[in-house]
Amino acid sequence: MTDILIHVEISPDGTPASNTGHLLALARGLGRPVAVAAVGPDDGAVPLGQALGALGAQVCFIAQTEAATNTIAGGGTEALQAALERFDASTVLCASTPDGREVLARLAIRTDARLLLEAQTLRLAGEQLIASHSVFGGNYTTESTLGSSLALVTVASSGTQPPAAIDAPEIIIETLAVNETGCSLQDFTQAQSRAERPELRGAQIVVSGGRGLASQENFSLIEDLADSLKAGLGASRAAVDAGYVEQSHQVGQTGVSVSPQLYLAVGISGAIQHLAGMQTAKRIVAINRDENAPIFSIADFGIVGDLFQILPQLTEQIQAKRSVSAG
């Protein structure tokens, strides 16, 4: 069985990013998942390996480097290159994030391998990797493949349940030197409105609000519903432009593309730019007072009504059920 390498991004709290489980699920369908991560010299490599095993990684290759952990690319490229020398890998997967795209672009230059970008699903046809893509605003789905032996793939989809946990994953720890001379490494900080809220791109449930909320104060209704569902918080461009919420929450062609198990669109009419970023969700529920809103054309379930009456009742019912389950 061929090895499938996964570039693991590390959250600010030192745990695997929320997109890791989805990548491991895709890898399990192609071969043996090997999680590859780069950490600092004083970070807990073994606990990280155990956390990755809980997400379904059979093998964890963890590189301890001196590279700054808050820079794009950091030691990620070095870690993947070292893993390629150790494992018989046919494919390298990463999330389509700024960090992931930077790492795979650097790896492509070093290995002279080809890139497949923005894959939604992956499958094998014999020994050939086939990737599907959502294109032209989500109106078409295309498939593509590569002729080279090594495939580097950025994954745009998210939200799939991770594979079964591995109780005792193989954990390999290697010390690597990272030469940052001449590298254009970019410092970044991750915006987090609430630490307990899942990252938008990797969330299994996403609740998004639009212009129909009418004000920044009213957008708290979306936040309350998202928190009751332990969901990612999204928004339409209209809501962002109106100042209801930060741009980092924008879902759509010019924002974040998501593909969760459940997407709730509240007060969103359904402009094509927004649909392009969320219509690959497994289930779509729309709440809008306009029965002719375009969002209903792709929704699995639609509620025509006043969101200011519906949301408080929905949030209250969900919180009540959670309280009963917890008790």
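Predicted model: local features only at pLDDT ≥ 70, side-chain atom pairs only at ≥ 80, totals over all residues.
Start with helix α3, which spans residues 76-86. Most of this helix is covered, with 8 of its 11 residues counted as buried. The buried set runs through G76, T77, E78, A79 and L80, then picks up again with A82, A83 and L84.

Next comes R197, which sits in the loop between β10 and β11 (205-209). Despite being in a loop, R197 is classed as buried, because its relative accessibility is 10% and the cut-off for buried is under 20%. Its side chain makes a polar contact with the side chain of D227, at 3.0 Å. D227 also turns up in the list of residues that R197 touches, along with E223, A231, G232 and L233, once residues up to four places away in sequence are set aside.

Finally, there is the second largest pocket, with a volume of about 470 Å³. Its lining takes in 26 residues, and those nearest the centre are G210, R211, G267, I268 and S269. Helices contribute too: α6 (237-241), α7 (272-275) and α8 (307-326) each supply at least two lining residues. Sorted by class, the lining of this pocket comes out as 14 polar, 7 nonpolar and 5 charged residues.

Technical notes:
Residues numbered from 1 in each chain as written. Heavy atoms only, no water. Buried < 20%, exposed > 50% of the residue type's maximum accessible area, 1.4 Å probe, protein only. Helix = DSSP H or I, 4+ residues; strand = E, 2+ residues; numbered from the N terminus. Polar contact = N/O pair within 3.5 Å; in protein donor to acceptor, adjacent residues only side chain to side chain. Contact = heavy atoms within 4.5 Å. 1 Å grid on protein atoms, 1.4 Å probe; cavity = no way out; pocket = protein on both sides within 12 Å on 5 of 7 lines; lining within 4 Å. Points joined across faces, edges and corners; volume = space filled by probe spheres on them. Nonpolar A, V, L, I, M, F, W, Y, C, P; charged D, E, K, R; others polar.
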